[in-house]
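Thank you all for making time this morning. I would like to walk you through one model, going from a single residue to the contacts between helices, and then to how far the confidence values let us go.

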Amino acid sequence: MASSSSNSPCAACKFLRRKCQPECVFAPYFPPDQPQKFANVHKVFGASNVTKLLNELHPSQREDAVNSLAYEADMRLRDPVYGCVGVISLLQHQLRQLQMDLSCAKSELSKYQSLGILHQSIGINLLGGGTNANANANATATHQYHHQFFPREQVFGGFVDHHNHHSGGSNYDGGILAIGQIATQFQQPRAAAGDDVRRTVDPS
Amino acid sequence: MASSSCTSYANSPCAACKFLRRKCTSDCVFAPYFPPEEPTKFANVHRIFGASNVSKILQEVEPHQREDAVNSLAYEAEARLKDPVYGCVGAISILQRQVIRLQRELEETNADLMRYASCFGAETTSFGGRKSGGRGGGRDGEGYGGY
């Protein structure tokens, strides 16, 4: 945290054109080299509201509070209609989309896994089926069944059709975590969004 | 969010003017968006943003966008009052982490699907937009994270 120096007023006092006192409440959080930060916060929230907010908090929480206010102010200036709420809305939409995709993918995967188990169980039956009256029949059936996996059209056509595979609900626990203990990372939404793009996803 | 406007009440001052203890005139900028039966909405917005800042924001946006603007300000104000340190940025942080987590999980599931598909010699489609085979359905991908 930057502290006010006797020579250099903090960004807030520079903006407000006043003397920056040693006990200035803004000085630790609005260093003189970040004038835009205070300008934005002042424009959206106002200096007195920010002062009141900071005074209600423990000193250890004030830096995070200022940074979150700066982020909100920045978002509001970029998008005067929705501000941060636009970001929330977008993220919620992304989350819903991901949940649906994950649900479908898991549903598809479970089918393969079932086939894998079935295949294994047939293989075991063959190995241990010496006393089984149907061992030969099983072997033949398995042999035919085994080959049925390879012609794509016969067995897997159904699995490739994804249009109707919307399994009800996702296994993903979408519960919101408690807010209190989060170490905030104030990423710019575009940067964060860019970082989140996975290369497996085709750009739209 | 819907964008319908409310009419100002001729006899009853809007919540803003009631709060500010002033006469609610016919051209009151707050009246369409702060009806008298929702006093808390304006009280919250006033406490966090201040009346003059809200007025300036409303004047900067188109009339048909003002209701959405007020509602988003009210949402942010309420979030800030519930969580004075992080406000609605806390929710953004949580959502971002959830998105990252789900993307990772989807990648892993797609990788598993690819493995099974190659074992069985079948075609399949990755979910989340990437198509590995030429046939069958598969959902059109949408870019995640484009703003």
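Leu113(B) sits in helix H5 of chain B, and, since this is a predicted model, everything I say about this residue and the others is computed from predicted coordinates. Is Leu113(B) buried or exposed? Its relative accessibility is 0%, and because buried means under 20%, Leu113(B) counts as buried. Further along the chain, 14 residues away, comes Phe127(B), and the C-alpha atoms of Leu113(B) and Phe127(B) are separated by 9.5 Å.

Let me stay with helix H5 of chain B, residues 88-120, and turn to its partner in chain A, helix H4(A). The axes of H4(A) and H5(B) come within 9 Å and cross at roughly 85°, which makes H4(A) roughly perpendicular to H5(B). On the chain A side the contact involves Ser68(A), Tyr71(A) and Glu72(A), which meet Cys88(B), Val89(B) and Ile92(B) in H5(B). By class, the residues of this contact of H4(A) with H5(B) comprise 4 nonpolar, 1 polar and 1 charged.

H4(A) also meets helix H4 of chain B, residues 66-82, and here the axes come within 13 Å and cross at roughly 175°. H4(A) and H4(B) are therefore roughly antiparallel to each other. The contact is formed by Ala65(A), Ser68(A), Leu69(A), Glu72(A) and Arg76(A) from H4(A), together with Ala69(B), Ser72(B), Leu73(B), Glu76(B) and Arg80(B) from H4(B). In this contact of H4(A) with H4(B), 4 residues are nonpolar, 2 are polar and 4 are charged.

Now for H4(A) itself. With 20 residues at 1.5 Å a residue, H4(A) should span 28 Å, and its end C-alpha atoms are 29 Å apart, which agrees. The buried residues of H4(A) include Ala65(A), Ser68(A), Leu69(A), Tyr71(A), Glu72(A) and Arg76(A), and among the others on that list are Arg62(A) and Asp74(A).

Finally, the question of confidence. Which element of chain A has the highest mean pLDDT? That is helix H4, residues 59-78, at 97, whereas helix H8, residues 157-160, has the lowest, at 36. Chain A as a whole averages a pLDDT of 71, with 54% of the residues scoring at least 70. Over residues 137-204 of chain A the pLDDT stays under 50, and for that stretch the model has 128 contacts beyond four places in sequence; over residues 129-133 of chain A it likewise stays under 50, with 3 such contacts.

Methods: Residues are numbered from 1 along each chain as its sequence is written. Chains are lettered from A and ligands numbered from 1 in the order in which they are written. This is a predicted model: local features need pLDDT of at least 70, side-chain atom pairs count only at pLDDT 80 or more; totals for chains, interfaces and linings use all residues. Side-chain values use heavy atoms; hydrogens and water are left out. pLDDT is the predictor's confidence in each residue, from 0 to 100. Helices (H or I, at least four residues) and strands (E, at least two) are DSSP runs, numbered from the N terminus. Contact means heavy atoms within 4.5 Å. Axes are lines fitted to C-alpha atoms, for helices over the stretch in contact, and angles run from 0 to 180 degrees between N-to-C directions. Angles under 35 degrees count as roughly parallel, over 145 as roughly antiparallel, 65 to 115 as roughly perpendicular and the rest as oblique. Ala, Val, Leu, Ile, Met, Phe, Trp, Tyr, Cys and Pro count as nonpolar, Asp, Glu, Lys and Arg as charged, and the others, Gly among them, as polar. The expected span of a helix is 1.5 Å times one less than its number of residues. Buried means under 20% relative accessible area, exposed over 50%, partly exposed in between (1.4 Å probe, protein chains only).
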